[in-house]
Amino acid sequence: MTSIDTLHDQFRRELVEAGLLFDTGLDGLYARGAEFERILDAVDHLITRDGHAASDLTPAGSGYRLYRFPPVFPRDVYDKTDYIESFPDLTGLVHTFTGSSSDHRALLARRAADESWDHHLTPGDTVMVSSACHPLYGAIPQQLPEGGIAAEVNGYCFRHEPSPDPMRMQAFRMHEFVRIGTPSEAAEFRTAWVGRAQGLLSGLGLEVEAVAANDPFFGRAGKLLANGQLSNNLKTELVVHVYGDDHPADAIASCNLAEDHFGRNFSLTLPDGSTAHSACVGFGLERITLALLSVHGTDPAQWPATVRETLFP
Ligand code: ZN
């Protein structure tokens, strides 16, 4: 059996040789080539189309309101998500220089001497976006309208997990649909999206399985959180065996029920005064693109006709 490290190296080399990705010298950080972006855009459009066709899931058919956030978001919003409790290891906090001219001279002197200079920077007000939907909870009104909110979020996320596996990038895009409403509205949204996402991804010739999953919570306390997430059935991942059935499958989308977690932390209140519940479905755009390249080959012209017609009508 070929080792997983060898398979990671092989896939990464194939992607770079085909001009789909370009190495930056740092594990998990790539420039994308034109063909890679063409596939990713097509996947993105398909997700938009299916999401909008799901308007039966939104309040009074009002559709999803689109939010595009920058790759960083306010630190106080990040703080309210409690992400630091569960994923300190994945977090990226932005530091900036706020010193005087003499502080700058001191920094440059250390740099000229080949010494580390980063302690001359101080933590700022922005954090790298941890999950595409996180900035949303700080950007919507706390008093929710009748029927709650249905939102679409599309943007870059950062997770500090350097890896030679191209499926595990440090910076990647997520396309999410988010539902904030009553407990049953949130739960029904999540359930409906498991089937919908599975249909969308199977239509691209990917053998996806829906599995109960947990997040990679940090540390010993994290094990309890992970067990709770599993036993309460809060996370369903859609996984594909990108490296063959002998190796662990990779998640390319996930359907999550947050219950009242964000509702409580962000004081999101429904018209009847109760705390809102929320759910989201997130599609990993790079991961889906990579799964397609792995399963169908690195030349889209050679992909099965049905897949090409679905993506490039
Ligand atoms: Zn989300």
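Which residues in α2 are buried? Hold on to that while we get our bearings. What you have here is a predicted model, so local features need pLDDT of at least 70 and side-chain atom pairs count only at pLDDT 80 or more, while totals for chains, interfaces and linings use all residues. Residues are numbered from 1 along each chain as its sequence is written, and side-chain values use heavy atoms, with hydrogens and water left out.

Now back to the helix. Helices (H or I, at least four residues) and strands (E, at least two) are DSSP runs, numbered from the N terminus. In α2, the buried residues are F36, I39, L40, A42, V43, D44, L46, I47, D50 and G51. Here, buried means under 20% relative accessible area, exposed means over 50%, and partly exposed is in between, using a 1.4 Å probe and protein chains only. Helix α2 covers residues 34-53, and its 20 residues should span 28 Å at 1.5 Å a residue; the end C-alpha atoms are 29 Å apart, which agrees. That expected span is 1.5 Å times one less than the number of residues.

Next, look at the sheet. Seven strands form an open sheet with mixed pairing, in the order β3-β7-β8-β12-β11-β10-β9. The edges are taken by β3 (65-67) and β9 (209-212), each with a single partner strand, so one side of each has no neighbour in the sheet. From one strand to the next, the twist averages 20 degrees. Two strands count as paired if DSSP finds at least two bridges between them.

Let's walk through part of that order. Strands β8 and β12 are antiparallel, with eight bridges, and R179 stands opposite A279 in β12. Then β12 pairs with β11 over six bridges, again in the antiparallel sense; here S254 has G282 in β12 as its bridge partner. On we go to β10 (residues 235-240), which runs antiparallel to β11 and is joined to it by six bridges, with T236 opposite C255 in β11. Strand β11 (residues 250-259) has nine of its 10 residues buried, so it is largely enclosed by the rest of the structure.

Helices lie across this sheet too. Our opening helix, α2, lies across β7 (149-158), β8 and β12, at about 5 degrees to β8. Helix α10 (residues 285-296) lies across β7, β8, β11 and β12, at about 40 degrees to β12. Contact means heavy atoms within 4.5 Å. For the angles, axes are lines fitted to C-alpha atoms (for helices over the stretch in contact), and values run from 0 to 180 degrees between N-to-C directions.

So where does the zinc ion come in? Its protein donors are C133 (SG), E176 (OE) and C280 (SG), lying 2.1 to 2.3 Å from it. E176 lies in strand β8 (residues 171-181) and C280 in strand β12 (residues 277-284), so the pair ties together parts that are 104 residues apart in sequence. Donors are N, O and S atoms within 2.8 Å of the metal (3.2 Å for Na, K and Ca); water is not among the atoms, so sites may look incomplete. E176 is buried at a relative accessible area of 1%, and C280 is buried at 10%.

Finally, visit two loops. D82, between α3 (75-80) and α4 (83-86), has a positive phi of about 70 degrees although it is not a glycine. S267, between α9 (261-265) and β12, also has a positive phi, near 50 degrees. D82 is partly exposed at 22% relative accessibility, and S267 is partly exposed at 42%.
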